[in-house]
Structure formats: C-alpha cells, structure tokens
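Okay, thanks for making time, everyone. I'd like to walk through one model today, starting with its charged side chains. Have a look at it first.

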Amino acid sequence: MNNAKCSILNQIPRRRKRIIQCVYVVGFMDLFGVSMIIPLLSHHVKALGASPTVAGLVGSTYGILQLFSSTIVGSWSDVVGRRYSMLTCLLLSALGYGLLGMSTSIGLFVLARIPVGLFKHSLSICRALLSDLVSEAERPLVMGHFNAASSVGFILGPVVGGYLTEHEGGFYTSSFTCAAIFLLNTGLVWLLPWSDALTPRANANYNSSASKASCHVNDNHVTSTQQNSSHGNSNNHTTASGPVVTGSGAPETNQRVWSWDLDWGEVSLLQPAWRQLSSVGSKIRTVASSDMWDLFLVRLLMAIAIMLYYSNFSLAMEERFMLKPKATGYLISYSSTLGALAGCLVGPVTKLYGNDMPALLLHSTVLTCCLILLYAMAPSVWHVFLSSTFFAISTTIGRTCITDLELQKGGAHASGTLIGAGQSVTAVGRVLAPLLSGLAQEFSPCGPPSLGVGLALAAVALLLVRVPKWDGRCKRKEAKLDKTHRE
C-alpha cells in the first residue's frame with residue numbers, strides 16, 4: 001500500500017506540477033501583501049480621528065463579513081469553477097486595498113473594508129484548487145507546502161510594511177503596494193494553463209489508489225453527489241464531458257465527479273445568476289445537513305483554544321516573567337517561523353501514520369492541549385520557549401488534518417463549500433475568543449490559556465468518542481467496495 005502511495009506521488013503530469021507551484025506563489029504573495037497592512041490598520045484608523053470604540057467596531061467589520069461570506073464564496077467556486085471565482089476575488093480584493101490607499105476619512109476606510117471582507121477568500125479557493133488537482137494521498141503533503149509558503153509571506157510582510165511606514169505617507173504606499181500585489185496575482189492566475197487542470201486523470205493505478213484512500217468518506221458523500229446532480233446541476237447534464245458516475249460501487253467515482261464538476265463549473269458561469277444562487281444554496285444545505293458536526297465542533301474548540309493561547313501573550317509574559325516586549329516579539333517570530341517550516345513536515349508525518357488522518361488529528365490535539373497547559377503553568381521563560389517550539393508544529397499539523405478530514409468526509413466535489421464552511425467556523429472563534437479572553441483575564445493572566453486547556457480537553461474527548469465511529473464507517477466502506485468488486 002505504501003509503495004502504491006509513493007508511486008502516486010510521481011504520476012502528476014509535469015504541467016500540473018507547475019500549476020501547483022504557481023498556486024504556492026499566489027499564496028505567498030497573498031499573505032505577504034495582507035500582512036503589510038494588518039499591523040498598520042489600527043494606527044491608521046486612530047489617526048483618522050476614531051475613538052477606541054469606533055476603531056473596534058470598524059475593525060470588526062472585516063471579521064463579520066468574512067463570517068457570512070466564506071461559505072457562500074467557497075460554494076460559488078464549486079459552481080462557477082476555481083478560475084473565475086479566484087479572478088473575481090483577487091480583483092475585488094485589489095479594489096478594496098486600492099480604496100484603502102485613498103481612505104482619508106472613517107467612511108472611506110469602512111467602504112474599503114467591505115469588498116475585502118466579502119471577497120478576500122483567495123486562499124480558500126487556492127486550497128480547493130489544490131484539492132482538485134491532487135489525489136487524497138498527496139493532499140496533506142501539498143496542503144502543508146501551501147501553508148508553509150503562505151506563512152513565509154505572512155512573516156516577511158510586516159517587515160516590508162514597517163519599513164514603508166517610516167517614510168511619509170507610508171500607510172498609503174503600503175496599501176497601494178498590496179493592491180498591486182493582488183493585481184499581479186490576478187495576472188498569474190489568468191495565465192495558468194487551466195486546460196491541464198481540467199484534464200481528467202486517466203491512470204488506472206491512480207484511480208484504484210484514490211478509491212482505496214476514500215475509506216473515510218461517509219455515506220453523505222453519495223447522497224450529496226446525487227443531490228447536486230439533480231438540483232444544482234440539472235441544467236448542465238448535456239454539457240458535461242462525460243457521464244456522471246455515482247454510488248460507492250464505481251471504482252472511479254471520485255475521479256469522474258471531480259472532472260465533471262470542474263467542466264460544469266466552466267459552463268455554469270454563463271447561466272443566469274438565480275440558477276447559480278440555487279446551486280450555491282443546494283451545496284450549502286447539503287453540507288449543513290451532513291454528519292460533519294463533530295469535525296466542525298473540533299475545529300471551533302481548537303480555534304478558540306489556540307487564539308486564547310496568543311490573546312494576551314505579550315502582556316502575560318511581561319506580568320509573569322518581566323519579559324520586555326522586544327524579547328516577546330523575538331519569541332513570537334521564532335514560533336511563527338517554526339510554524340511555517342512545520343508545513344513541510346506534514347507530508348512525512350502523514351506518511352509515518354500511514355495516512356491515518358483521524359489518529360494524527362487526535363494525537364496532535366492531545367499534544368496541543370498539553371502544550372497549552374505547560375504554558376499556563378510555566379514556572380520560567382524556558383518552559384514557555386519549549387511550549388512555543390512544539391506548539392507551532394502541533395497546530396500546523398492539526399489544521400492540515402482537520403481540513404483534510406473535512407474534504408474526506410464531505411467529498412472533494414464540494415471542496416470549496418467545505419473549506420469555506422471551515423473558515424466560517426474559524427471566524428466564529430475569532431469573534432468569541434476576545435470576549436472569552438477578556439473575561440478570563442479578570443481572574444488571572446493565566447486565565448485565557450487555562451480556559452484554552454479546558455476547550456482543548458473537550459475537543460480531545462469528542463475525538464475519542466467519534467474517531468472509533470469514523471473507523472467503523474471506514475471498514476464498512478471497504479467491505480462494501482470489496483463486495484462490489486467481487487461481483
């Protein structure tokens with residue numbers, strides 16, 4: 001089985017590898033441009049004359065818009081195709097950052113944040129595109145590399161943004177530079193050889209391995225495929241490149257659905273807006289009614305726990321260990337760098353686990369919980385240094401695992417919807433974490449991480465209960481496939 005997985009890694013066409021590498025570049029440049037702006041936003045809105053309360057309300061605009069738009073835009077990318085949805089998101093994001101560079105009042109500032117809040121989902125669509133391009137066995141490796149490239153951009157961006165800010169009109173220069181980066185990304189996406197991305201993978205060994213790798217897909221995968229075929233895609237049956245194969249008995253089910261969805265997406269852009277909205281609504285309803293509540297709940301609990309870890313990190317280090325902000329900044333940069341490098345470890349670690357993503361998720365969650373506990377009870381700075389070292393690695397692996405499991409259970413044909421839904425769940429965590437952190441700090445500087453330990457323990461308990469059920473479904477799925485092949 002391991003030899004088959006290794007052979008799969010060498011069967012991606014060379015030009016498709018180039019597409020994947022270009023997507024890495026898009027992810028790097030995306031977060032490089034955004035991270036130039038993020039540290040400067042609060043200072044700029046205060047310079048425009050906003051009070052702390054108004055600044056907080058303005059700052060929350062982006063998060064609220066992301067909360068409601070993530071799933072919708074992700075589902076829309078399933079409907080109209082990755083190319084046009086990504087181009088739309090990049091262009092409108094460039095517009096938003098361009099307007100930000102002209103914001104000389106609070107009103108213009110809020111106006112500039114609206115298109116960015118609604119359409120800054122290029123990274124989610126990139127992940128969905130990567131999921132379309134590679135097999136299930138390759139997906140953790142490719143996603144890990146993409147996360148690593150994006151994280152490097154997020155580390156380097158503030159350095160450039162800080163340098164530009166030292167000059168007169170630095171914020172406006174940074175905003176226009178960010179807009180130019182998004183326009184450059186738009187050109188790169190436009191020039192990608194999309195015909196290669198839409199070519200079905202025809203290798204028989206590949207299809208067989210991909211079918212075996214899909215043992216964690218639940219029974220809702222077939223149901224949702226049939227619903228999408230009958231409701232969302234009924235107007236395109238005659239334009240698909242080939243027959244749609246549904247049902248768990250077909251050895252090439254995932255492959256046929258993958259290529260048909262992409263081809264249909266390219267055609268459906270020309271369909272009326274109401275029909276596109278109907279397809280988007282159908283996909284969102286399918287995900288909402290699926291048996292994936294456990295994965296989304298684990299994502300929410302861990303997202304809040306991780307945000308609580310960082311919520312008052314600088315203040316807690318100063319109060320507990322008299323550590324200066326400069327030293328704390330070095331520690332945060334060290335942890336962020338390790339998190340970026342950890343993306344390259346996802347593939348080898350996944351291979352070490354035999355592609356058993358539920359077990360890897362459980363173990364990474366347990367490790368993250370222990371590291372938060374170590375930080376909350378740390379008697380010295382060196383214990384914090386130790387927890388930060390492994391915390392960056394465990395959280396990077398955990399994020400990749402949860403995304404991969406969502407795609408396994410929900411089916412790659414709806415990868416945009418699933419990734420968008422996951423981002424919406426994380427956005428809920430971003431809304432709740434500051435509130436919970438403020439309440440916990442009323443009791444102790446160690447309050448936020450201590451609360452994070454409790455939430456992480458709840459996630460571990462949930463996984464201990466649900467993982468055996470996932471494994472049971474996996475065995476039933478394999479038995480059903482074997483029985484069908486014998487017949």
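So, Arg 82 and Asp 78 form a salt bridge, and their closest N and O atoms sit 2.7 Å apart. By salt bridge I mean a side-chain nitrogen of Lys or Arg within 4 Å of a carboxyl oxygen of Asp or Glu. Arg 82 and Asp 78 are both buried, where buried is under 20% relative accessible area, exposed is over 50%, and partly exposed is in between, using a 1.4 Å probe and protein chains only.

Before I go on, the ground rules: this is a predicted model, where local features need pLDDT of at least 70 and side-chain atom pairs count only at pLDDT 80 or more, while totals for chains, interfaces and linings use all residues. Residues are numbered from 1 along each chain as its sequence is written, and side-chain values use heavy atoms, with hydrogens and water left out.

How many salt bridges does the rule give? The count is nine. Another one joins Glu 136 to Arg 139, at 4.0 Å from N to O. Glu 136 and Arg 139 are buried too.

Then there's Asp 294 with Arg 466, with N to O at 2.8 Å. Asp 294 sits in helix 14 (residues 293–311) and Arg 466 in helix 21 (residues 447–486), so this pair ties together parts 172 residues apart in sequence. Helices here are DSSP runs of H or I, at least four residues, and strands are runs of E, at least two, numbered from the N terminus. Again, both Asp 294 and Arg 466 are buried. They also belong to a salt-bridge network that links Asp 291, Asp 294, Lys 409 and Arg 466.

Okay, zooming out. The protein has 21 helices and zero strands. Of its 487 residues, 54% are buried. Taking contacts (heavy atoms within 4.5 Å), residues 24 or more positions apart make up 85% of those with a separation of 6 or more.

Which residues make the nonpolar patch? Leu 108, Leu 111, Ile 114 and Leu 118, covering about 290 Å². Patch residues need over 30% relative accessible area and no salt bridge, with nonpolar side chains (Val, Leu, Ile, Met, Phe, Trp, Tyr) joined within 5 Å and like charges within 9 Å. Leu 118 belongs to helix 5 (residues 106–119), and its 30% relative accessibility makes it partly exposed.

Key. Accessible areas come from the Shrake-Rupley method with a 1.4 Å probe; for residues, only the protein chains shown count as cover.
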